[in-house]
Amino acid sequence: MQSKQYSIYRWSILVSLLVGTAGCFNNEEAQRVDPISPGTADFTRYVAVGNSLTAGFMDGGLYRDGQLNSYPYILSQQFRLVGGRGFIQPLFSTDQANGTGYLKLTSLPTATNPLPTIVPVAPQAVRGLLNNRPLYTKFTGTNNNLGVPGIRMGDIQTPGYGSPQGNPYFERLLPDGTPLRTYLQYVSDNLTGATFFSCFMGNNDALGYATSGGVVPFTPTPLFTTNYNALLDVLTASGRKGVVIGIPKVTTAPFFQVVTLAQVLAGVNAAVQKANPGAPAIPALVIESPLATGGIRATKAGDLLLLSQQADYATIGSTAVGTKKGPYGLSALNPLSNASVLDAEEVAALSAKIDEYNAILKAQADSRTLAYVDLTALNTQLSATGGYVQNGLAFSSNYVSGGVFGLDGIHFTAAGYALLANEILKSIGTTYKASIPAVDPTRYRKVLVQP
């Protein structure tokens, strides 16, 4: 197993900010309110619909500890205070607790090693391979957490999406012999007796574009709208109540903020000066920018580099990569790949599309008198100087040290999922006049050091 050291950016991390209490917590850690009441909602059987954030995806993988700290599970424990009953998740067994594999932080910076060390943890829940793609251990029983990592709104009525050739996270949930069953049908199958739902869908319809540097297209708005209407029709059948969660502006996540143009240019110029002392400084990189005039331009303010593309940035200046017609990323004949930069024009397109999707989500929620969660305020607080203070501890969108985002820079830690659960509880309280205690996010773990 090879360790991975992130070397482009500098680190300053305190152990006290990193090491949180492990595991999930019971209602004794809830922030009490009086009187406790379900209001006009019925939480007897709660079902969660969504993608990786709903499933409890964490640190680049789906594994048991992440599942046990998913926001639906946290919510279900609070709902027990107002009549909620059992909440079954498609957990990996303790023998396969590593699930699909994930990333872990094994050491912090030291005087002799200024870089943190991140290593991959091998999966334990792979039952086989098909065309070099994993098939995960099946879970086909009763299920309350229907989160499927990777699913888009555009996928929910696609036959074969849960086949062995489709999404492996969905395939593990379907019984053998039902590869053409759609996600919408699967949701319907699991709503028997359900009295309340949460729906956190649509993120991946925008996130795929963002994390691919604008290469993966958005889900077309007509398809997004049609599928969302169909999903809410199923979820609200017989007057069932629930909560819809809006799509956050994803570019505030560390995935888009940790590696910066200034840092990369500093490294490039240091290499240039070492090879050619006194050479003029290089002021910008040259990138593919399909939405810009001419399709190629110099980098500018607002361009975002991606945490996943550090290996590509390490080859800047090489004539052995890209078109090989000039120094990579420094010549218009060999620009940095579009997939390696979410440029300013693409950031604007992404923001507009998220606004468009959210308008659809909110309009449909309002028309059905459902609770709606706007995550803008939480995002703003996490990105602000000083962060979002809860019980004397500041949470922020900073990578690792902020305590909210895991090692993949996109998905939450347990503490992050607790913060999300509290935002959902606020909306439920407002819409249904419910009085349900919030949880204390300081009691949930952040990024752990695991030697």
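Tyr 388 sits in strand β15, which covers residues 388-390; helices (H or I, at least four residues) and strands (E, at least two) are DSSP runs, numbered from the N terminus. At 11% relative accessibility, Tyr 388 counts as buried, where buried means under 20% relative accessible area, exposed over 50% and partly exposed in between, with a 1.4 Å probe and protein chains only. Not counting residues up to four places away in sequence, Tyr 388 touches Leu 378, Gln 381, Leu 382, Leu 393, Ala 394, Phe 395, Leu 419, Glu 423 and Lys 426; contact means heavy atoms within 4.5 Å. One of these partners, Leu 419, is 31 residues away from Tyr 388 in sequence, and the C-alpha atoms of Tyr 388 and Leu 419 are 9.9 Å apart.

The model is predicted: local features need pLDDT of at least 70, side-chain atom pairs count only at pLDDT 80 or more, and totals for chains, interfaces and linings use all residues. Residues are numbered from 1 along each chain as its sequence is written, and side-chain values use heavy atoms, with hydrogens and water left out.

**The whole protein**

The secondary structure of the protein comes to 13 helices and 17 strands. The protein is as compact as a globular protein of its length, because its radius of gyration of 23 Å is close to the 22 Å that the globule rule gives for 451 residues. This radius is taken over C-alpha atoms, and the globule rule is 2.2 Å times the number of residues to the power 0.38. Along the principal axes, the C-alpha atoms fill a box of roughly 70 × 45 × 40 Å.

Of the 451 residues, 55% are buried. The protein exposes about 18,200 Å², and carbon and sulfur atoms supply 55% of this area; accessible areas come from the Shrake-Rupley method with a 1.4 Å probe, and for residues only the protein chains shown count as cover. Among contacts between residues at least 6 apart in sequence, 74% join residues at least 24 apart.

There are 30 positive and 26 negative side chains, and the centres of the two sets lie 3 Å apart. Lys and Arg count as positive and Asp and Glu as negative, while His and the chain ends are not counted. The place of a charge is taken as NZ of Lys, CZ of Arg, CG of Asp or CD of Glu.

The largest nonpolar core has 125 residues, and Tyr 71, Tyr 183 and Leu 231 have the most contacts inside it. A nonpolar core is a set of buried Ala, Val, Leu, Ile, Met, Phe, Trp, Tyr and Cys residues joined through side-chain atoms within 4.5 Å. Helix α13 (residues 414-432) gives the most to this core, with eleven residues.

Apart from residues up to four places away in sequence, Tyr 183 touches Val 49, Gly 50, Leu 146, Val 148, Ile 151, Ile 156, Phe 170 and Met 201. Tyr 71 belongs to helix α4 and is buried there. Helix α4 (residues 71-79) is mostly covered, with nine of its nine residues buried. They include Pro 72, Gln 77 and Phe 79.

Thr 431 lies in helix α13 and is partly exposed, at 31% relative accessibility. Beyond its neighbours within four places in sequence, Thr 431 is in contact with Thr 369, Leu 370 and Ala 371.

**Residues in loops**

Gly 403 lies in the loop between β16 (393-395) and α13, and at 0% relative accessibility it counts as buried. Leaving aside neighbours within four places in sequence, Gly 403 is in contact with Phe 395, Ser 396, Thr 413, Ala 415, Gly 416 and Lys 446.

Pro 327 is found in the loop between α10 (310-313) and β13 (341-342), and is partly exposed, with a relative accessible area of 32%. Its contacts, aside from neighbours within four places in sequence, are Gly 317, Ser 318, Thr 319 and Asn 334. Lys 324 lies in the loop between α10 and β13 and is exposed, at 55% relative accessibility. Lys 324 is not a glycine, yet has a positive phi of about 65°.

Asp 59, in the loop between α2 (52-55) and α3 (64-67), also is not a glycine and has a positive phi of about 55°. Asp 59 counts as buried, at 4% relative accessibility. Most residues other than glycine have a negative phi.

The table gives some pairs by their separation in sequence and their C-alpha to C-alpha distance.

| Pair | Apart in sequence | C-alpha to C-alpha |
|---|---|---|
| Pro 327 and Ile 316 | eleven residues | 7.0 Å |
| Gly 403 and Ala 414 | eleven residues | 8.9 Å |
| Thr 431 and Thr 369 | 62 residues | 8.1 Å |
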